[in-house]
Structure formats: structure tokens, C-alpha cells
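This briefing is meant to be read beside the sequence and the 3D view. It follows selected side-chain pairings and then turns to some loop residues.

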Amino acid sequence: MSNLETDFTTMATTSSQVRENEWPAYDEHSRFESMTQEVAQHVEVVPEMARTAALSAMSVACQGVVDVAYPNGHVVPTSLYTLTIAETGERKTALESLFFQPIRDFQAAKKIESKYKLEVYQRQLKNWQSAEKILAKQWIKAFENEKSTEEIEQRQTELDEKKPKPLRVYQLLYENVTPISLAYSLHENIPMGCLLSSEAGSILEGKAMEGLPMLNAIWSGSPLDVTRRTSTSFTLDEPRLTMALMAQPKVIERFLEKRGEKAMDNGFLSRLLVIKPTSMIGIREGKGRAIDTYIMDNFHHRAKELLEESFDILEHDARQRRVLEFTPSAKDRWQQLYRDIEQAMAEPGLYYYARGHGSKLMENITRVAAIIHTFEGYEGAIDTPLLDFAWRLCNSYSRHFMQYLAGDPEIVITTNQLIREIRRLGESHTDGAYHFKKSTLRQFGRGPHLRKPKRLDAAIELLHQLGHLQKMGQGNFNFSETIIGILEPTIKNGIDYHVDEIPTFSQQVFFNDDRGRYQGYKLEYANQ
């Protein structure tokens, strides 16, 4: 059994503390968490929404400074692709402004700084072009007079070596661009940036999403060869790109309907850290106080400091990005988490029907840990507590991915069908309990899924792992609307899977009777 969610030998007395809307918080004294909390209360959004915007801005600041190594030595970038799904009025633009302001300021300052350099470059280029024309005329004259052109050609070669190099445009933030245009900009200017939008409809429904495989390659940070028919082909070396998208649910629905299958199959969606935060519309009290200037300045200063270091690395070829590693204990923990996720991709595990997502999850966990480590200015290797926080945070993103992007997998459809047939064909007992035989379901069950042994067995196994089914032997089973037994189920409904025909895990509470003689679960609303 996988311990992907928690240690499943833990007694269910802790179950009331676990809710599907819980998100982990980091150290309150850190730049990351203190800025998150300040902005969340000021803008009046849930902290996890602010935390996601903060993490995106931190990714932009860190991606040019550090890479991170797996325990086996494989090195990956520290760039993130994030997607926040929220309605109009959820203050997406306000979040973007507060967290990305230091990046916008840095970009503007660099462009002003380069204005003088551009004037110098243009003057030098004009002089170079004049010298080139003079030599060209001399060569033509010598050729016409049948004189030697060797000396002139030597001077032309020397002049070519002195041609002024074009200035890089210090562009960090991009909005509605095609993947090819984005890749070319990263090649011509600086090989790092951020595709950013607080209203990402123009990106998700525009040309930017036509080249999803290219965006996948850029996420991986590998060299990218771009072949173009109408203009010069080029190679983009070691790009670093953060994607920070915020979009309305209807935009996501249209995107999934139009391009969802393709985006899932090619792995683009699997790379996203996804959140659909709890809406605060209608319940805000207008009590948000001003953001503590020390906390905001501290966050902004660190972002600018890291961007300066990124540009210093770009402009001095001798300097390289640092490669972060994990401490020995964190390496052991990393490998344990990797094994757990790998197990969850086997049937009927949590990621069996979302293997692409599962295969990218450990890399996102690794990247998040490296970003926080770098942004906070921690020394040495990444430790186990930070890795565990990154795992818990990415696990929350994973739940939202499974719920809002992955859609209902076949196993969930079959399990819902199975529960309906248990209620129809099973022997009913008290309090929503049923006894049934598998042979009865195979003989009389409705729907094509239940007549296929593998699908029926998979649905029975999922219902067992959800805690609602007890195996009695020889094809006999007990089913209950509430969780059976006293232990937490290995998979939780409403958190890991979303089976509509049974209550969610958060709707059930663990209880003792008055004399402490019996322990078990009952529905939360049963007390009302």
C-alpha cells in the first residue's frame, strides 16, 4: 500500500483534522509565508491563492540562478508552470500586481539602463557599416583593375570580427505570444522569462497554445532546435521559463473541450501546478489592512537581488547557475516519496488514470523545494523538512489537478455505477449497509462496465480502498455508506478520488460511544 497521503496505520481519531480544503502553510517568519499572509489578508483571498502567486514570482527570480539535482544526479530547472482557476472578482490582477511588481520594476530599470547602450551600439554599427562599404568599393575597384584583392579581403575579415554585437532586450515578462515567437525572443534576447497573465483567456484560447510540445520542451530546460520555413532556424540553449496563468472556470472548460485531450496526451497539463481556490466573493468584510512595508520590501528586495544575479550569470559566460542538492536524509525521503508516487501509478492506484501527472509530480516537488530554499537564502543542501513541505504543497495542487483538470476517469464512472447497482440488487441492512455477491452483479447488473470482470474487480478494489467495502470471502461483500472499521482509508473520497455516490471523507467523523466501548465512523450531518 502507498503512504502517499499519510501514514495509513495512523488511527482514525485524527480523521476529523483532515479536510479536502486544507493547504499547508510554511514557516511564518519566512519571506515566502509572511508575504503570502500579508497579501492574502490585504486583498482578502484565501492564503493558498496568494501562496501560488508568490511561488510563481519566486520561480521567475530563482530560475536563472539555480538548478536542482535529483539524488541520482539528474539536474532539472527550477521553473514552474502554475494555473489558478478563479472567477472574475477573485482579485487575480491585484495578486499579480503585488507579487510581480519587483519583476516589472527590474525589467523597466534594465530597459532604461540599456537606452544609452543602444545609442552607442547604433552609432558603432553605423560606423562599421560605413567602413564595410568603403572596403567593398575598394575591392570592386581592385577587381576591375585586375589588381590583387588579398589585402582588402584580409581587412574585410578583420572588420567582420569587429562588428558590434546586437544588444539583448531585457524582456522578462511575456503575454499573448505564440510558442515559436516566445522561443525566438528567448533566443534573441535572454533565455529566461515568464509567460504571465491574470486573465489568461487570450493565452489559453489564442495562438500560444498551438505549440504545446514546444512549451513542454522549454519546461524541461533542454536545448530546443526550432526549424522555420520562412525565416532562419535557430537553437534555443537551456531556456528557463515560468508560466503563471490565472483564468476563469469557463475559459478552462472551453480549453479542455477544445484542446484538453491533446494537452493531456502530450503532457502539457501534467506539468501544471493547479489550484481552484475557495471563492471569497460575497463574504469579504472589507477589513484588509495595509501590507507591512518591511515584509513587502523584504520580499521585493530578495526578488530583485536574485534577478540581478541571474543577469550577472547571463552576461559573464564564465559564471554558471548553481546546482542544489539534498542532504543525505532528504535524499532518502525523496526516494521514498518517488516510490510512493510510482506505486500510485499502478492499478488501481491514485494516479493509475493520470500517469502523466504522476510522472511529473516528483519533479515539481523537487523544483518547489529548490525555489523556497534559494529565495529564503538558506545555506547548504535542501533538508528533509523543506522537502516534506514541498511534497504537502504539491500534493494539494495534485488533488486540484485530479478534480478540476483530469476529469472523471473510467474507474470513477464504473465505481459510481457499481454503488447504484449494489443499492438496487444488494441485501439492505440498517444505516445504509448492504450485503451483495459479485456473481449477482455480473449476472444482473446494468451497464456494460460491470459485465467486464477486470473493470468490476477494479471498481470493487477502489471501493475497498475508499473504506466503504468489506471483503467477506467467496465473492461476498459488505458495503456501507460510512467508512467501515477504525482506520483511515488508504484513499480518501473527495480528496484523492471523487465518487459522487458516497459521502466525502470530510463528511465523516470518528466517534466513541459514551462508555468508550466502540469506535467507528458516522456521517457528520447525522449529529444535526
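Over the ring of which residue does the charged end of Arg333 sit? In this predicted model, the ring is that of Trp391, and the charged end of Arg333 lies 5.4 Å from its centre.

**Arg333 and its surroundings**

- Arg333 belongs to helix α10, which covers residues 328–344, and its relative accessibility of 18% falls under the 20% limit, so Arg333 counts as buried.
- Once neighbours within four places in sequence are set aside, the residues in contact with Arg333 are Thr384, Leu387, Asp388 and Trp391.
- The side chains of Arg333 and Asp388 form a salt bridge with an N to O distance of 2.6 Å; this pair links helix α10 with helix α12 across 55 residues of sequence, and both partners are buried.
- Another charge placed over a ring is that of Lys110, whose charged end sits 5.5 Å from the centre of the ring of Tyr170.

**Helix α12**

- Helix α12 has 21 residues and spans 30 Å from its first C-alpha to its last, close to the 30 Å expected at 1.5 Å a residue.
- The helix is mostly covered, with 17 of its 21 residues buried.
- At the start of α12, a side-chain oxygen of Asp383 comes to within 3.1 Å of the backbone nitrogen of Leu386.

**Aromatic pairs**

- The structure contains 18 aromatic pairs, and one of them joins Tyr26 and Phe389 in a tilted arrangement, with 4.8 Å between the centres and 50 degrees between the planes.
- That pair connects distant parts of the chain, since Tyr26 is in the segment before α1 (31–43) and Phe389 is in helix α12 (residues 384–404), 363 residues apart.
- Tyr26 is buried because its relative accessibility is 15%, and Phe389 is buried because its relative accessibility is 1%.
- Phe389 also pairs with Phe32, here edge-to-face, at 6.4 Å centre to centre and with 75 degrees between the planes.
- Because Phe32 lies in helix α1 and Phe389 in helix α12, this second pair ties together parts of the chain that are 357 residues apart in sequence; both Phe32 and Phe389 are buried.
- Tyr26, Phe32 and Phe389 together make up one aromatic cluster.

**Other salt bridges**

- A search of the whole structure finds 22 salt bridges, including one between Arg289 and Glu38, whose closest N and O atoms are 2.9 Å apart.
- Arg289 is in the loop between β9 (272–275) and α9 (293–315), while Glu38 is in helix α1, so that the pair links distant parts of the chain, 251 residues apart.
- Glu481 forms a salt bridge with Arg423, with 3.0 Å between the closest N and O atoms.
- Since Glu481 lies in the loop between β14 (476–480) and β15 (508–512) and Arg423 in helix α13 (residues 410–425), this pair ties together parts that are 58 residues apart in sequence.
- Glu481 is buried, with a relative accessible area of 17%, whereas Arg423 is partly exposed at 27% relative accessibility.
- Asp67, Glu238, Arg240 and Arg321 are linked in a network of salt bridges.

**Loop residues**

- Most residues other than glycine have a negative phi.
- Glu238, a member of the salt-bridge network, has a positive phi near 45 degrees; Glu238 lies in the loop between β7 (234–236) and β8 (240–247) and is partly exposed, with a relative accessible area of 42%.
- Glu146 likewise has a positive phi, near 60 degrees, and is placed in the loop between α3 (92–144) and α4 (150–161), where its relative accessibility of 74% makes Glu146 count as exposed.
- Asp431 is in the loop between β11 (427–428) and β12 (433–437) and counts as exposed at 73% relative accessibility.
- The C-alpha atoms of Asp431 and Glu481 are 7.8 Å apart in space, although these residues are 50 apart in sequence.

Notes
Residues numbered from 1 in each chain as written. Predicted model: local features only at pLDDT ≥ 70, side-chain atom pairs only at ≥ 80, totals over all residues. Heavy atoms only, no water. Helix = DSSP H or I, 4+ residues; strand = E, 2+ residues; numbered from the N terminus. Buried < 20%, exposed > 50% of the residue type's maximum accessible area, 1.4 Å probe, protein only. Contact = heavy atoms within 4.5 Å. Phe/Tyr/Trp six-rings, centres within 6.5 Å; stacked < 30°, edge-to-face > 60°. Lys NZ or Arg CZ within 6 Å of the ring centre and 35° of its normal. Expected span 1.5 Å × (residues − 1). Polar contact = N/O pair within 3.5 Å; in protein donor to acceptor, adjacent residues only side chain to side chain. Salt bridge = Lys/Arg side-chain N within 4 Å of Asp/Glu carboxyl O.
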